[in-house]
Amino acid sequence: MSKVLMKGNEAVGAAAIKAGCKYFFGYPITPSSEIPEYMSKALPEAGGVFLQAESEVSAINMVYGAGGAGARCMTASSSPGISLKQEGITYAAGAEIPCVIVNMMRGGPGLGSIQPSQADYFQSTRGGGNGDYRTLCYAPASVQEIVDYVMLAFDKADYYRNPVLIAADGMIGQVMEAVEFKEPAPIDLPAKDWATTGTGEKRKPNVVNSLYLQADALQVHNKNLEKKYKLMEENEVLYEAFGLEDAEVVVVAYGTTSRIVKSAVKKAQEKGIKVGMIRPITIWPFPYEIFKKIGNNAKGILTVEMSAGQMIDDVKIGTEGRIPVYFNGTQGGVVPTPQNILEDIEKIAGGIR
Amino acid sequence: MEEKVVMAGFGGQGIMAIGKILAYAGMMEGKNVTWMPSYGPEMRGGTANCSVIVSDEEVGSPLISKDGTSAIVMNLPSLEKFENELVPGGKLIINKSLINVEPKRKDLKVYYIPANELAMEAGSGKVANMVMLGAYLEVTKTVDFESALKAFVEVFGEEKSHLVPMNKEAMAKGAEAIRKHK
């Protein structure tokens, strides 16, 4: 299929429908409102249901219901709206309900701003709701990656019986870029024999629930969840990396920020500085292992985020104290410039005191 | 080649549309493109703007921040707001019909186009944006005229293809104004 020009938010909807999403429940919020707008038109045309809920809390619980009945379903929002959904997300994780949740992050805390941000990293990767749970989380850096990873997210959600998050930001939601819809690699998915689809008086009722009143029983359940999360850590890590072996400086960034970093890296290389880069594509599970590939020439690692410094914790875990880790951050919806990042790369290459 | 153009005017002038046409045309010519709208609080009668990047290489930030190579400005607030986003020597195309002042900066290549009058000559005041796009393409040659006209149909849909001749005329008038400029 040929390329089309699409807005990131529209691409979320188009990719979801292509992946077989039949139900969308949501409540509009800038900068992700074009997702429900797109779905309200396109999903009924594709034989699905679009429903604007009365609140984000309702929307995520509708997802819980539809996912519990075995349907491919999705909700989308931006930061404050995603906060409201956290109760539903932890319930879905506990009850092992497959679903896809898209967050076009904006500045926080609180209502914050409507401009791009990456300040929901902790919330996305540490679990924003209560209890021990994990959610696979993709961080696309372009509209094409939105298409690719939203489609993949539906397969992974079904495969693991787990909520899957897409953590992008206002910039990727709003920008238009060329995209191509490729058929994803076929994946063997288990039958949804657990779904609450009615017994037909032929079997015992299926129960989809996160409540275990006996401590022992909950521990058994949680240990099973833990095994599942371990499998994700082993099999689902995605990243892009280059130039690590002989790098003087390694820059780590994801999503929108990684694109700006790439411009800065190119400028630094033109100035003769050896710069490597690590771009996590899954922010959970995080690509810790690749940090071992950083060679002994590295004078420092620069973490660039549109936050006060959240992914930097994972960078430090991956680095294991071998190399100093520095930070370049913008907040509140301010987007960094290549020039500003280049200055930090030069400082580290020159030897910071 | 990396062309970074800011387009700005007031809501309703078709700024977002000519941005999409340029981005679509660039894509059809096999280039990497981004189209980024302004989004955020804006007062009625203020500015609407978008940033378009057309590049031979992968595009980094889709935002333009003091590194624009060109700007199309269609009303006065846009001139005041965006002349500072250009690099020295950047190209500034001004809608003379609605802007009767000169830019403050003296290090830009400036072109004055009576877009609204030329649009009326082409058949409708609504195509002033296309006059500006035609002028812009004559100055920068970012994409071919033919690509822009094909992109017009992609952006507005087949049902608007009967409007192609008038829009083509508007673009031609913008280009002619550049050729006659100074």
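**Entry 1: the strand pair I opened on**

I began in β11(A), where Met277(A) is the bridge partner of Val251(A). I then counted four bridges between β10(A) and strand β11 (residues 275-280) of chain A, and the two run parallel. For strands and helices I used DSSP runs numbered from the N terminus: a helix is H or I with at least four residues, a strand is E with at least two. Two strands pair if DSSP finds at least two bridges between them.

I note here that this is a predicted model, in which local features need pLDDT of at least 70 and side-chain atom pairs count only at pLDDT 80 or more, while totals for chains, interfaces and linings use all residues. Residues are numbered from 1 along each chain as its sequence is written, and chains are lettered from A and ligands numbered from 1 in the order in which they are written.

**Entry 2: confidence**

I looked up the scores, which are ipTM 0.93 and pTM 0.95. Chain B has a mean pLDDT of 95, with 99% of its residues at 70 or more; pLDDT is the predictor's confidence in each residue, from 0 to 100.

**Entry 3: the five-stranded sheet of chain A**

What order do the strands of the open sheet of five follow? I read β9-β11-β10-β13-β14 (chain A), with mixed pairing. β9 (239-242) and β14 (325-329) of chain A are at the edges with a single partner strand each, so one side of each has no neighbour in the sheet. Neighbouring strands here are turned by 20° against each other on average, direction ignored.

I checked β10(A) for burial and found both faces covered. Val249(A) and Val251(A) lie on one side, Val250(A) and Val252(A) on the other, and all are buried. Buried means 20 or more other C-beta atoms within 10 Å of the residue's own, exposed means 12 or fewer, and partly exposed is in between, with C-beta atoms placed from the backbone. In a regular strand the side chains alternate between the two faces of the sheet.

Further along, strand β13 (residues 300-305) of chain A is joined to β14(A) by five bridges, and they run parallel. Leu302(A) has Tyr326(A) as its bridge partner in β14(A). Helix α11 (residues 311-319) of chain A lies across β10 (249-252), β13 and β14 of chain A, at about 155° to β13(A). Axes are lines fitted to C-alpha atoms, for helices over the stretch in contact, and angles run from 0 to 180 degrees between N-to-C directions.

**Entry 4: the seven-stranded sheet of chain A**

I traced an open sheet of seven strands in the order β3-β2-β4-β5-β7-β6-β12 (chain A), with mixed pairing. Its edge strands are β3 (49-52) and β12 (282-284) of chain A, each pairing on one side only. Within the sheet, strand β4 (residues 73-77) of chain A and strand β5 (residues 99-105) of chain A run parallel and share four bridges. I found Ile101(A) in β5(A) as the bridge partner of Thr75(A). Helix α2 (residues 34-45) of chain A lies across β2 (23-26), β3, β4 and β5 of chain A, at about 145° to β3(A).

**Entry 5: the two domains of chain A**

Chain A is divided into domain 1 (4-235) and domain 2 (239-349); the bounds come from an automatic or database domain assignment. The domain centres, taken over C-alpha atoms, are separated by 28 Å. I found 27 residues of domain 1 of chain A in contact with 22 residues of domain 2 of chain A, where contact means C-beta atoms, placed from the backbone, within 7 Å.

Which element gives the most to the domain 1 side? It is α6(A), with four residues. By class, that side has 15 nonpolar, eight polar and four charged residues. Ala, Val, Leu, Ile, Met, Phe, Trp, Tyr, Cys and Pro count as nonpolar, Asp, Glu, Lys and Arg as charged, and the others, Gly among them, as polar.

**Entry 6: Lys223(A)**

The C-alpha atoms of Lys223(A) and Asp132(A) are 9.9 Å apart, although the two are 91 residues apart along the chain.

**Entry 7: chain B against chain A**

I read 16 residues from chain B and 19 residues from chain A in the contact. On the chain B side, α1 (15-28) and β2 (32-37) each supply at least two residues, and β2(B) gives the most, with five. That side has ten nonpolar, five polar and one charged residues.

Strand β8 (residues 176-179) of chain A is joined to β2(B) by two bridges, and they run antiparallel. Trp35(B) in β2(B) is the bridge partner of Met176(A).

Notes: Contact = placed C-beta atoms within 7 Å.
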